[in-house]
Amino acid sequence: MTLEEIISSRKLLICVGSGGVGKTTTSAAIALHAALSGRRTLVLTIDPARRLATALGLSQLDNEERRVPPEHLQKAGLPADAELYAAMLDTGRSLDALLSRVAKDEALQKRISENNIYKQLSHAIAGSQEYVAMERLYDIMEEGRYELVVLDTPPTKNALDFLTAPNRLVSFLDETVVQWFLKQAESNGLGGFIIQKSGNLVFKLLGVLTGGDFIKDLIDFFQAFKYLYIGFRDRADKVNKLLREEDTVFFLITSPEANVLDEAAFFHDKLLEFGMPLKALVVNRAYQIIKDCPLCSEDVETLMRQDTIRQISSQSGADEKLMKSTLEKLLNLRRVAKQFNENTRKNIDSLKNRLHKAEFMACIPLFSEEVYDLEGLARMNSYLFTSSAGECKATV
Ligand SMILES: Nc1ncnc2c1ncn2[C@@H]1O[C@H](COP(=O)(O)OP(=O)(O)OP(=O)(O)O)[C@@H](O)[C@H]1O
Ligand SMILES: [Mg+2]
């Protein structure tokens, strides 16, 4: 199976991995590839990735889905009609966005959003901001305007927060204490309940500790919230389902250093535990291309021979000593790169055994410069989408 085959039937691709391994760059490269293959594609990032915006020729990257300008593609020698879009999932928004969708009645919406308990909760519910970001993803998928959506996530820990946000919201809603309040609100109104039981020590204490407004807010919040409970739960369930659908696929991005690979293994196990479909492993900066260094196409060992140095020096007038020391440095660079490649090779081999669930592995070399434009993304793709990509061979 090739990477192309894995992607071609999918609608949502989620790139996860440790910090700085190249998730954003790889997501953009894959999205570019899909767009160039004629699929209307959106790359969605959670990071405010300024560099990504620049690479795509966009003046800014925010909540709005923007198309990569045709002239920007053309300038990079790519077909101008490729439909590539980019946007950032806004994590700054609170549960309000969700509230406005679930509460159809404006008065109810206003009543809840102005409630002090709600204001506190919307920030305090673990993962509520991440959850709202995932909600937006769900909406985009539902609207079906793109043939492929590539989601770039923050580093491991935060990404796990995102992926588990729907579950956490559901379990918060299912927690006994919330259920208890909802039940009270349903039968004869929570207000009545609290007043009836005003002898109850807990409420007395609460009233003393927090002042009357707190109790009033609490009553009001749960009375209004009972109408929303089903809506919140329902949407959280749907987002959860989306992450596990047939059309969804996870790519784990990593670099080959041992400590980063440990994190990749941790992530691999977590995805399995959550039942999320991990299909491919991308080892970025997996090796150094030794042939790219100056003079490396020549046989440096032959050049190092004293008689060769003398001959070149007399022909070109170059300083013999300087030539020798330069060649020595070059040889050393080559040795270091070889050593790096040998080490990473070993790490990658052991990774294959540990991460058995990823059916496909691709390697991208460490480029001599950062990936900051469409050409750079296309260069990445020349490694990801070749028939030999799965072999992960380092050019030593
Ligand atoms: N194969 C590569 N060769 C050289 N530079 C690379 C390569 N891959 C990525 N980079 C560069 O490494 C930097 C980090 O990449 P990127 O932003 O994609 O990582 P990330 O995993 O998204 O980071 P973060 O976890 O901070 O979001 C960028 O400057 C990018 O251009
Ligand atoms: Mg990133």
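A residue is counted as near a molecule if one of its heavy atoms lies within 4 Å of it. In this predicted model, 21 residues lie around ligand 1, and Lys23, Thr24, Thr25, Asn284 and Arg285 come nearest.

Two of these nearest residues, Lys23 and Asn284, also place polar side-chain atoms by the ligand. For Lys23, such an atom is 2.6 Å from an oxygen atom of ligand 1.

Two packed helices are described by the angle between their axes and the distance between the axes. For helix H9 (residues 156–174) and helix H14 (residues 258–274), the axes come within 11 Å and cross at roughly 5 degrees. Because angles under 35 degrees count as roughly parallel, H9 is roughly parallel to H14. On the H9 side the contact is made by Thr156, Ala159, Leu160, Leu163 and Thr164, and on the H14 side by Glu263, Phe266, Phe267, Lys270, Leu271 and Phe274. Seven residues of this H9–H14 contact are nonpolar, two are polar and two are charged.

H14 also packs with H17, at an angle of about 15 degrees and with the axes 11 Å apart. These two helices are therefore roughly parallel to each other as well, and their crossing is right-handed. From H14, the residues Ala258, Leu261, Asp262, Ala265 and His268 meet Asn347, Leu351 and Arg354 of H17. The contact of H14 with H17 comprises four nonpolar, two polar and two charged residues.

## Helices H16 and H17

Helix H17 (residues 320–354) also packs with helix H16 (residues 306–316); their axes come within 9 Å and cross at roughly 130 degrees. That angle makes H16 oblique to H17, and the crossing of the pair is right-handed.

H16 supplies Gln306, Ile309, Arg310, Ile312 and Ser313 to the contact, while H17 supplies Glu320, Met323, Lys324 and Leu327. By class, the residues of the H16–H17 contact divide into four nonpolar, two polar and three charged.

## Summary of the packing

H17 takes part in two of the contacts described here: with H14, at about 15 degrees, and with H16, at roughly 130 degrees. H14 likewise meets H9, at roughly 5 degrees, through residues that include Phe266, Phe267 and Phe274.

How values were computed:
Residues are numbered from 1 along each chain as its sequence is written. Chains are lettered from A and ligands numbered from 1 in the order in which they are written. This is a predicted model: local features need pLDDT of at least 70, side-chain atom pairs count only at pLDDT 80 or more; totals for chains, interfaces and linings use all residues. Side-chain values use heavy atoms; hydrogens and water are left out. Axes are lines fitted to C-alpha atoms, for helices over the stretch in contact, and angles run from 0 to 180 degrees between N-to-C directions. Helices (H or I, at least four residues) and strands (E, at least two) are DSSP runs, numbered from the N terminus. Angles under 35 degrees count as roughly parallel, over 145 as roughly antiparallel, 65 to 115 as roughly perpendicular and the rest as oblique. A crossing is left-handed if the near helix is turned anticlockwise from the far one by less than a right angle, and right-handed if clockwise. Contact means heavy atoms within 4.5 Å. Ala, Val, Leu, Ile, Met, Phe, Trp, Tyr, Cys and Pro count as nonpolar, Asp, Glu, Lys and Arg as charged, and the others, Gly among them, as polar. A polar contact is a pair of N or O atoms within 3.5 Å; within protein, one must be able to donate a hydrogen and the other to accept it, and residues adjacent in sequence count only if both atoms are side-chain atoms.
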